[in-house]
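The following exercises are to be worked through with the sequence and the structure in view. Each task is followed by a solution in steps.

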Amino acid sequence: SQLIDAYSERLSRRGVVKRKDVVSCLQRNLTRYLRRPAHDLTRAHITGVMDEIEARGQQSDYLRKCVSGLLTWAANDGHLPVNVLAGYRRGKDTRAQRLGARAKVTFTDIEEIRAFWVATGTLANPVHRDLMRFLLLTGQRRSETAWMTRADVVGVVWTIPAALHKMGQAVRVPLGTHSQRLLGAQPQMAGVGLYFPGRHGKRIGGFSQFLRPIKDTLGNPGFGFHALRRTYRTGLE
């Protein structure tokens, strides 16, 4: 846990946008090892956690990237003698695994998009509903959209600040008619600049909780936030 805390401080000094997500991933998945010396962590420990994640039908790639970053930094800075994950290569999927893999969801026709729009209407919180619809209309990442403020929108253009964007550069996003209507429908809370605030005016969270009802309504357990980015990209082609 001390090593992760030190890594968090390092990421903060470097201005890494997704620092909190990385640290949360490490702490959440390595809970059983947090009180143990970092020197005792083995490759088998890490791959064991990854196997458990995949056994639940989830992807372990993000955890692998987070742990790899932690251990590379720790080894480079002398906190650990070696990176026990160095050289790790995930085995190729077998034919059976490829056939049984859950297909990546992309809405390719108007009926699928309409079904998604209707599904978002089942969400109890209108902020969650409008955020999901806005993500489809703009094709942007959920984390950057969750930080969207009224100061970031000038006219019909939303500028994502470089400090928030994954690539570390400001990005201008043109807003269409429907996107503008969604923003215009959001009530403004005193002292809160966010367009899609969470509880008490803070940044919205608990994404997986309001994703689940949409999956159930669509009858598609493979649906996720990235499906909206893929759909947007496909619509541009």
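**Exercises on a predicted model**

**Exercise 1.** Determine how the lining of the second largest pocket divides by class.

*Solution.* The model examined here is predicted. By class, ten residues of this lining are nonpolar, three are polar and two are charged. In total, 15 residues line the pocket, and those nearest its centre are S1, L3, Y33, R36 and A38. The volume of the second largest pocket is about 240 Å³.

**Exercise 2.** Identify which helix gives the most to the lining of the second largest pocket.

*Solution.* Begin with the helices α1 (2-13) and α4 (61-76), each of which supplies at least two residues of the lining. The greatest contribution comes from α1, with three residues.

**Exercise 3.** Check whether the span of helix α3 (residues 43-55) agrees with its number of residues, then list its buried residues.

*Solution.* The expected span is 1.5 Å times one less than the number of residues. Next, take burial as under 20% relative accessible area. The buried residues of α3 are H45, I46, T47, V49, M50 and I53. Their cover includes α2 (19-29) and α4.

Note on methods:
Residues are numbered from 1 along each chain as its sequence is written. This is a predicted model: local features need pLDDT of at least 70, side-chain atom pairs count only at pLDDT 80 or more; totals for chains, interfaces and linings use all residues. Side-chain values use heavy atoms; hydrogens and water are left out. On a 1 Å grid over the protein atoms alone, a cavity is a set of points where a 1.4 Å probe fits but cannot get out, and a pocket is an open set with protein on both sides within 12 Å along at least five of seven lines; lining residues have an atom within 4 Å of a point. Grid points are joined across faces, edges and corners, and a volume is the space filled by probe spheres set on the points. Helices (H or I, at least four residues) and strands (E, at least two) are DSSP runs, numbered from the N terminus. Ala, Val, Leu, Ile, Met, Phe, Trp, Tyr, Cys and Pro count as nonpolar, Asp, Glu, Lys and Arg as charged, and the others, Gly among them, as polar. Buried means under 20% relative accessible area, exposed over 50%, partly exposed in between (1.4 Å probe, protein chains only). Contact means heavy atoms within 4.5 Å.
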